Each structure stands twice: as structure tokens, then as C-alpha cells.
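Please consult the sequence and structure shown below while reading.

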Amino acid sequence: MAPSRSEPAGPSPEETRDSPPEENGTSVTTRPDGAPEAPRAQHRTKYLALLCALIALVVAVSAGIYVTAAAGDHTHGGTLADDRPHRGSAAPVSTGTWVGSWASAPVGGEPGTETAGLAGHSVRNVVHADAGGTSARITLSNLYGQTPLDITHATLALSAGDATAAADEDTIRRLTFGGATRVVIPAGEQVVSDAVHLLIPHDTDVLVTTYSPTPSGPVTYHPHAQQTSYVAAGDRTEDSTGAPYTQQTPYWRYLTALDVLSNEADGTVVVFGDSITDGITSTVGANRRWPDVLGDRLRSALAGGQRLPRYSVVNEGISGNQVLADGLGRPAENQSGLGRFGRDALSRTDVKVVVIDLGINDILRDPRLDGPDRILTGLRTLVREAHARGLKVVGATLMPFKGHRGWTPAREAVRQQINAEIRAGRVYDAVADFDKALRDPYDPRRLRPDYDSGDHLHPSDLGFATMAKVFDLRTLKGGGQAEL
């Protein structure tokens with residue numbers, strides 16, 4: 001007799017699968033038709049469940065190991081030449097933007113290094129960080145070498161103070177290149193290191209030290225650093241005391257860039273020029289080149305709440321540089337602005353704006369000077385190349401130089417014609433009128449006496465500071481917004 005509607009009709013097949021009956025205290029798994037599975041099937045099910053749990057545990061442990069390793073120094077876990085462990089990172093993993101914090105253009109092969117290079121010596125370059133960051137990487141160049149450059153040991157550290165080869169011991173980081181502590185840089189090429197975690201404050205000195213045990217031929221260098229660096233015999237890359245660094249040098253060697261992973265900058269301004277940008281007459285070790293002061297001024301304006309782009313500033317000036325003419329040699333030493341623009345400006349890390357102050361040496365050094373047209377054509381070519389990369393270009397007027405041994409009325413006329421084109425907006429996107437700011441009001445063909453270093457061509461520290469002061473920071477807006 002069928003049960004009434006008020007009586008339960010018994011479990012459905014779905015209820016049987018969800019709530020299996022107990023048999024002798026053991027759960028019995030049933031098939032869809034309600035029949036119990038064979039004991040072997042039950043054992044297989046339990047085995048698979050246990051196996052899945054073990055696999056999940058292994059994956060979880062492996063993931064934890066990976067995260068821990070990724071958070072540490074990229075070089076952690078190896079040993080140094082003297083069997084000491086690598087120093088770990090002092091900075092946490094962070095996000096940010098890679099920007100240029102310091103840069104210097106390679107100029108030529110250092111005289112006296114044509115055969116042996118600096119084999120068996122540690123080279124400790126002292127550079128000044130414009131932007132701060134939580135990680136760093138460097139670029140080493142063998143552009144003017146004629147044989148491969150074998151770097152077996154390289155480190156990065158914060159300086160222990162001003163005018164010293166001593167390093168803050170807790171900040172020394174061993175650099176790697178593609179995961180290896182040794183790198184061989186072919187002649188004519190450059191290499192970028194792996195990033196290391198290190199908290200680098202802005203406006204601080206950084207020590208980059210390299211050691212090469214074998215002769216490498218001409219050392220790629222920047223001769224007018226306006227900064228004292230150091231050399232030691234033997235592999236002293238890990239030394240923190242500075243005591244072995246008994247040789248001083250006014251050069252930067254091999255090193256051409258320091259990039260940082262920054263939360264305070266969103267891009268890079270490259271200042272591209274000659275000895276005036278290079279800061280050849282600025283006080284040594286004081287970071288008073290006009291691009292240095294410009295970087296400080298931009299950072300101060302941002303700290304004061306002004307609505308300006310958050311950019312770092314790097315210096316790509318070369319003393320004696322011309323728009324049109326190369327120096328001697330192959331590759332050419334002191335390569336022309338046209339020849340080096342791609343390497344030294346357009347290829348800088350996350351460049352947004354290029355500032356150009358170039359042309360005075362073309363006027364001074366061309367014995368067949370026939371007017372401004374070739375120089376202006378060269379400057380406009382640089383601007384077109386920058387525009388092709390979506391970059392804004394701010395250009396400077398050429399400052400007066402009467403009283404310098406190279407001044408003539410004809411050269412003065414060419415300078416005035418170039419400046420007229422620049423001011424009229426027919427060369428650059430925006431203008432920094434350094435001529436107007438630094439000329440002598442009583443004789444506009446000369447630098448004002450307190451802005452003159454004494455050679456009537458290069459500014460004094462006060463003159464460099466004035467250049468940075470009159471630079472309109474608002475002209476940096478709109479840089480790097482689109483590919484044109």
C-alpha cells in the first residue's frame with residue numbers, strides 16, 4: 001500500500017549520496033543507484049584524497065620559499081672571494097618607477113691605459129644620486145676598449161661621508177650580471193647589472209666599485225667629473241674603510257649610469273650639452289653643476305606643493321662637445337651631439353624631457369664658419385629625433401663669450417642669429433633664455449662679472465645656480481605623453 005502524503009517516502013538517490021549510511025561505524029560510499037562501492041574503490045578514493053592533500057602542502061611550501069627568496073637580495077646565498085657571506089638587503093621589496101638617478105656620457109679612451117687598462121686594480125667611482133629609490137642598477141661601458149673587459153667583482157654602496165673612499169659597511173651590495181658575479185663586456189659594448197635592494201636617499205653619494213684582473217686596453221672614461229674618485233691595488237671592492245684607496249682621480253671610469261627604483265620620480269629629464277652642462281668650472285665635489293641645482297630645485301618645488309612633473313635630472317654634458325663634429329679616433333672620441341644623441345639621451349631610463357644646451361663649440365671651433373644654418377639644422381635634427389620618440393625638448397639660448405680668446409665679431413653675429421631663431425620658437429618646444437639671464441647688462445656680449453668663472457665662457461658656481469633658477473619648471477610639463 002502506498003504511503004500517505006504526510007509520511008516520508010524515504011531518501012532520494014541524491015540524499016543517499018550526500019548522507020551515506022553507517023555500517024559498523026564505517027562510512028559507506030554509494031553509487032548513483034544506491035548500491036555500496038566495493039572496498040577497493042573506497043581505499044582508492046581515500047588514497048587519492050590523501051595524495052591531493054600532500055600535493056597541496058608541497059605547493060604551499062614551495063610558494064613560501066619562492067616569495068622569501070624574491071624578497072631578499074638577488075645575490076644572497078653565495079660567498080665572496082674571502083668566503084664571507086654576501087650582505088643581505090637593507091630595504092624591503094617595493095614598487096615604483098625605474099628612473100635615471102645619475103648618468104655620465106662616455107668620452108674616450110683614457111690616455112696611458114692603451115695596453116694594460118687598469119688590470120689588477122679596484123676602481124671606486126663616486127657619484128651623486130639625484131633621485132632616491134629602494135633598488136638600484138648600474139651601466140658599465142667598454143665603448144672605447146679594444147679588447148673584452150673582464151669584471152670579476154663589482155659592488156655598490158652608500159658613501160660613509162663627503163670626500164672619502166669609505167663606504168657605509170651595512171650598505172655594501174655585490175652586483176651581478178644576468179645572475180653571475182662576473183661579466184665580460186665586449187669591446188665597443190655596455191652592460192646593465194641586475195637590480196639590488198638598497199635604500200638610496202636622494203642627494204647622497206654612492207660608491208660603485210669594479211675590479212678587473214686582466215689587461216683590457218683603453219679605459220672608457222669621462223675626464224671632467226668635477227668629483228674625486230679612487231683607485232686601489234688588488235681586489236678591494238668589498239673594503240669599507242677606504243684605506244687601500246690611496247690613488248685619487250678626477251675621472252669616472254667604466255660607469256655611465258645609476259638607475260633607481262623610485263617612488264619619488266615618475267620619469268627622467270636628460271640635460272644634453274657641452275662643458276657648460278658638464279660643469280667644468282664648478283667646485284669639485286660640491287655638485288654645483290647647473291643640472292645638479294635644477295634637480296634640487298625641482299624636488300624642492302614638489303615638496304612645496306607645486307603641481308609639476310615628478311622627474312629626476314641626469315647630466316649628459318661633454319666638455320668640448322659639438323652638434324656637428326666628431327673628435328678623432330674610431331669610435332670617435334667626444335662624438336658629436338648628432339652621433340651620440342640616441343645613446344646618451346634617447347636611451348636613458350624612462351626619459352620624458354630632453355634639455356639641450358649645445359652649439360657654442362660649433363661656433364668657436366669651426367674655422368670655416370659660414371653662418372648659423374648648419375648648426376640650426378643640426379639642432380632641429382635632434383629635436384625631430386626626440387619628437388619621434390614622443391619626447392619634449394627644451395632648448396637653451398647660447399650665452400655670451402666676449403673676452404674669451406676665441407671671440408670675434410663674426411662669431412658673435414652667428415650666436416645672435418641662432419638665439420633669434422631659438423627665441424622665435426623655430427627650434428625647440430620651449431626655451432630657457434640663459435643668454436638673457438647671465439649677460440652683462442652693460443655689455444650684453446659678455447657674461448656678467450659675478451657669473452663669470454674667469455675665462456669669459458664658463459659660468460661660476462653663482463652663474464650655474466642662476467641658470468637653474470631661471471629655468472621655468474613649468475616647461476617640463478607635457479613630456480613623454482605620446483609617440484608622435
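## Cavities, a strand and a helix

The residues lining the largest cavity comprise nine nonpolar, eight polar and seven charged. In this classification Ala, Val, Leu, Ile, Met, Phe, Trp, Tyr, Cys and Pro are nonpolar, Asp, Glu, Lys and Arg are charged, and the others, Gly among them, are polar. The model is predicted, so local features need pLDDT of at least 70 and side-chain atom pairs count only at pLDDT 80 or more, while totals for chains, interfaces and linings use all residues. Residues are numbered from 1 along each chain as its sequence is written, and side-chain values use heavy atoms, with hydrogens and water left out.

A cavity is a set of points on a 1 Å grid over the protein atoms alone where a 1.4 Å probe fits but cannot get out, and lining residues have an atom within 4 Å of a point. Grid points are joined across faces, edges and corners, and the volume is the space filled by probe spheres set on them.

| Cavity | Volume | Lining by class |
|---|---|---|
| Largest | about 260 Å³ | nine nonpolar, eight polar, seven charged |

Of the 24 residues lining the largest cavity, Trp102, His128, Arg289, Asp292 and Asn315 lie nearest its centre. Strand 3 (97–103), strand 5 (121–129), helix 4 (290–303) and strand 20 (311–317) each give two or more residues to this lining. Helices (H or I, at least four residues) and strands (E, at least two) are DSSP runs, numbered from the N terminus. Among the residues lining the second largest cavity are Asp274, Asp357 and Gly359.

In strand 8 (residues 153–158), six of six residues are buried, meaning under 20% relative accessible area with a 1.4 Å probe, protein chains only. His153, Thr155 and Ala157 cover one face, and Ala154, Leu156 and Leu158 the other. Strand 8 runs antiparallel to strand 13 (residues 204–212), with six bridges between them; strands pair if DSSP finds at least two bridges. Tyr211 is the bridge partner of His153. Strand 8 also pairs with strand 9 (residues 173–174) in the antiparallel sense over two bridges, with Arg173 opposite Leu156.

Helix 8 (residues 409–423) has buried residues including Arg411, Val414 and Ile418. Just after helix 8, Gly425 takes a positive phi of about 80°.

Notes
Buried < 20%, exposed > 50% of the residue type's maximum accessible area, 1.4 Å probe, protein only. 1 Å grid on protein atoms, 1.4 Å probe; cavity = no way out; pocket = protein on both sides within 12 Å on 5 of 7 lines; lining within 4 Å.
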